[in-house]
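Please view the sequence and the structure before reading the points below.

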Amino acid sequence: MNICLYGEPFAPFVEPTVRQLCAAAEAAAARVFPLTIERALAEHARSPSRLAQVSRVYVLPFDVPAARPAEAPDTPAALVRWLFGKAEVVNGFDTHEICWDKPGLVERWLNRGVALPDSLLSTSIEEATAFVREHEWVLLKHPRSCGGHGHYLVSRAADGLVAEARRQRYELELVPAGARPQIRGRLLRYPAPFFLQRLVADVNARGVLKPAQLLRAYIVDGQLAFWTERYRPHHRSASDWVVATGLGAKCRFVFSVGEEVQKLALRAAEVVDLRVGVVDLIRSSTEGAYALAAYTDGHHMIIDREFKQLPEFRDMFDFDRMIAELLVAEPAPVEARATTFVKKRENDGPRRGRPPQRRAYDR
């Protein structure tokens, strides 16, 4: 038995995807059953043996319910193992966590030779300020977020730093670790730790910055399924460099990206054991491509599926159908699963980027 697991509070946001997964499985003459974590706990209390029949679990957002048996674990991964015995979780919870933890993801990628923009994670105000001065334009990213939320474009000003987001400009004051970021009028107080990445852009013949290409690779069963590109028709302010569909950017399908970009996407996915998910990359005409982030459906987040509304959408881009077919497929032999990423590893060239600094950062 295969199930799609999610939390009741998230139902308004995730059930459209749940319905698509279940419908796609039925079209393949198989079944994927929707199940909330709350209902699973109730079922476990009545008949634990029924949940033991579950062979695969596909996880969408949920929180560990406060109302649960005393013996039930209090972490998502342990709770799912407790409920479903030896069921395979697609993706594993280690993958969920590393995709959610952007600094940890950057560090993992750099340690495994994945090309990245220069990055810094530090609690030092002096280090963060020096990083901005070195690169002129940087992105200040929330360590755990998605969709561009909590991201600011930071640059130097005559009397300090400025940050821009959602077409609003703020004086930026970096402060020691404490409360959440606070906006008071035109002042943004941002507490440590600071996660910064150099802005990757192209330069036109007049020396003016222009956007690099922001690509998203869709991964199913460890293989490239298709690509989209996020873009803005116009850049009216510096904050428009934060390109996310949730912040007003548009999306279109891309049919050709080149072998090197494909290799980078597959390598980035392989390093975090991303069996189903997306990898975001940015490609500059002068520097080549860098990996930026990876996302997966999981207890923290759900992959944006707005591309299904595009007029160009076709069956070949049906992400949920591909996932459903994976969920209902017969388990592959151990030897086959070990070679999901079939392309031969090659030297990706010199590492780009710097390891995030963690000297004063207590994870």
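**Cavity and sheet**

One cavity of 30 Å³ or more is found by a search of the whole structure. The structure is a predicted model, in which local features need pLDDT of at least 70 and side-chain atom pairs count only at pLDDT 80 or more, while totals for chains, interfaces and linings use all residues. Residues are numbered from 1 along each chain as its sequence is written, and side-chain values use heavy atoms, with hydrogens and water left out.

**The cavity**

- A cavity is a set of points on a 1 Å grid over the protein atoms alone where a 1.4 Å probe fits but cannot get out; lining residues have an atom within 4 Å of a point.
- The largest cavity has a volume of about 40 Å³, a volume being the space filled by probe spheres set on the points, which are joined across faces, edges and corners.
- Its lining consists of Ala128, Val132, Leu140, Val154, Leu161, Leu172, Leu174 and Leu196.
- At least two lining residues come from each of helix H7 (125-135) and strand S9 (168-175); helices (H or I, at least four residues) and strands (E, at least two) are DSSP runs, numbered from the N terminus.
- The lining of the largest cavity comprises eight nonpolar, no polar and no charged residues; Ala, Val, Leu, Ile, Met, Phe, Trp, Tyr, Cys and Pro count as nonpolar, Asp, Glu, Lys and Arg as charged, and the others, Gly among them, as polar.

**The sheet**

- An open sheet of five strands has the order S17-S16-S15-S18-S19, with antiparallel pairing; two strands pair if DSSP finds at least two bridges between them.
- Strands S17 (250-254) and S19 (288-295) each have a single partner strand, so one side of each edge strand lacks a neighbour in the sheet.
- Antiparallel strands S15 (residues 213-220) and S16 (residues 223-231) are joined by seven bridges, and Arg216 has Thr228 in S16 as its bridge partner.

Note on methods: 1 Å grid on protein atoms, 1.4 Å probe; cavity = no way out; pocket = protein on both sides within 12 Å on 5 of 7 lines; lining within 4 Å.
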